[in-house]
Amino acid sequence: MIRRREVTSVEVVQTYIDRIQEINPLINAMVKDRFSLALQEAAQVDKLIEEETGGEDVLEDRLPLLGVPFTVKEAFSLQGMPNSTGLVSRRGVISATDAPPVALLKRAGAIPLGVTNCSELCMWLESHNRLYGITNNPYDLERIPGGSSGGEGSILGGGGSVIGVGSDVGGSIRIPAFFNGIFGHKPTSGVVSNGGQFPPPSGQQPGFLCTGPMCRYAQDLLPMLRVMGGANADRLSLSSEVDLKRLRFFSVPHDGGSPLVSPVDQQLVQAQRRVVERLEADLGVKVQQLKIPQLKYSFQIWSAMMGPTSFAELMSDHGKKVWPLWEMAKWTVGLSKHTVAAIGLVLVEMFQRAQPTQFILQQKESLQKDLEELLGTDGVLLYPSHPHLAPKHHHPLFTPFNFSYTGIFNILGLPVTQCPLGLSAEGLPLGLQLVVGKQQDRLSLATAVFLEKTFGGWRDPGRQHCIS
């Protein structure tokens, strides 16, 4: 519409600015804006379009996202914006450059509006830190938006942004996408650059961390991924047509009953069942229900493969060493600069230096082999996103291993698309993950478009509240 001059970029950018100013006092998702610069850049876009003589096709080819506003997780470098990742000691850190995927989006013509909140050091699935405070879920302000890309999930779910940039080492794109009723995609490992993030990945993490798109509309995932992947996106054959009727579909309703992880909410089980029914009815395919026994060990596999990470060193950020017991004592009287989740993770780290057992390594290897053989180049696996609907604030402290439903696919390097599936009885987003073989991202993206048409995709949380 911008390229066709049906709307101006200034009009679009101003509309999103107005929406952010309306909802951000409630959700606390955007932590620093660049609204005046964004409007200046939008005016330059409108001038460029006015002067373009080659027509819309030339602009689409050269600048596919020209004039479209977007938001960025604060853990990424965005020139002129803070890059603290919620650490009080990094309060004054301002990015001088753009992270590579952010730079590619800007080069494609997109206009950043600002940066959004995340958990302290991207450690936790609640987006809360002592620098910016706590972010709320737009569907219920007493609930979490997830983490660590929770500010992105919240601003997108609340209609304050249309596309955004997140990162995911254990579900940090997919959990916020699920809790906030939007789409998110963890690409095949190594396609989108992870550069320009704090903290930088260490140890085994570079192979498991993925940067990817988050958005309200399924059809935006593919063009975003094409831009963010740069030359690497060619590996994904994103221009190839996908015939959903020729794909093989599988459904796994739960992890097999890990004692460390909560049972899957029945509303999510039923939502996944409805997806199976619609795939079979509308596409004429047969969805095979499976049990995959190794998934019961998802948390142990994730923990073993991630290896030791010195959270204490990261929390100090080259400054004074953080002593977790002392920090916990300070926290109880309100004097710590860190959240209880971050302190708790450092405490856990102190006692978790054991090497992974041979049994867990064998489970990982057999799971990797079985899933890669199962999915091949034409398989799509339906799997729950999380055992619970968006929890109340701080409740994940009592269920710290529930992220293993997403984290296992970081370890396996498989691309996953998170899809909303309408709302629960409480008015909270339902959803599921679509898992596909390596470099087969286009299969889950095409299935996501089908599910959006079938189940309605993103729902305006404000409208839901008006109806109720």
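Helices here are DSSP runs of H or I with at least four residues, strands are DSSP runs of E with at least two, and both are numbered from the N terminus. By that count the protein chain has 17 helices and 13 strands.

Before going on, two notes on the source. This is a predicted model, in which local features need pLDDT of at least 70 and side-chain atom pairs count only at pLDDT 80 or more, while totals for chains, interfaces and linings use all residues. Residues are numbered from 1 along each chain as its sequence is written, and side-chain values use heavy atoms, with hydrogens and water left out.

First, overall dimensions. The C-alpha trace of the protein chain spans about 65 × 60 × 45 Å along its principal axes. For 468 residues, a compact globule would have a radius of gyration near 23 Å, and the 21 Å of the protein chain agrees with that. The radius is taken over C-alpha atoms, and the globule rule is 2.2 Å times the number of residues to the power 0.38.

Next, helix packing. Two packed helices are described by the angle between their axes and the distance between the axes. Axes are lines fitted to C-alpha atoms, for helices over the stretch in contact, and angles run from 0 to 180 degrees between N-to-C directions.

H1 packs against helix H2 (residues 35-51) at about 160°, with the axes 8 Å apart. That makes the pair roughly antiparallel, the word for angles over 145 degrees. On the H1 side the contact (heavy atoms within 4.5 Å) includes Val13 and Ile17, and on the H2 side it includes Leu39 and Ala42. Its residues divide into 10 nonpolar, three polar and one charged. Nonpolar means Ala, Val, Leu, Ile, Met, Phe, Trp, Tyr, Cys and Pro; charged means Asp, Glu, Lys and Arg; the others, Gly among them, are polar.

How are H9 (residues 266-283) and H16 (residues 441-455) set against each other? Their angle is about 100°, with axes 11 Å apart, which means they are roughly perpendicular, a term covering 65 to 115 degrees. Among the residues in contact are Arg274 and Leu279 of H9 and Phe450 of H16.

Helices H1 (9-27), H3 (56-62) and H8 (221-229) each give two or more residues to the lining of the second largest pocket. H8 gives the most, with four residues. By class, the lining has 16 nonpolar, one polar and six charged residues.

How values were computed: Parallel < 35°, antiparallel > 145°, perpendicular 65-115°, else oblique.
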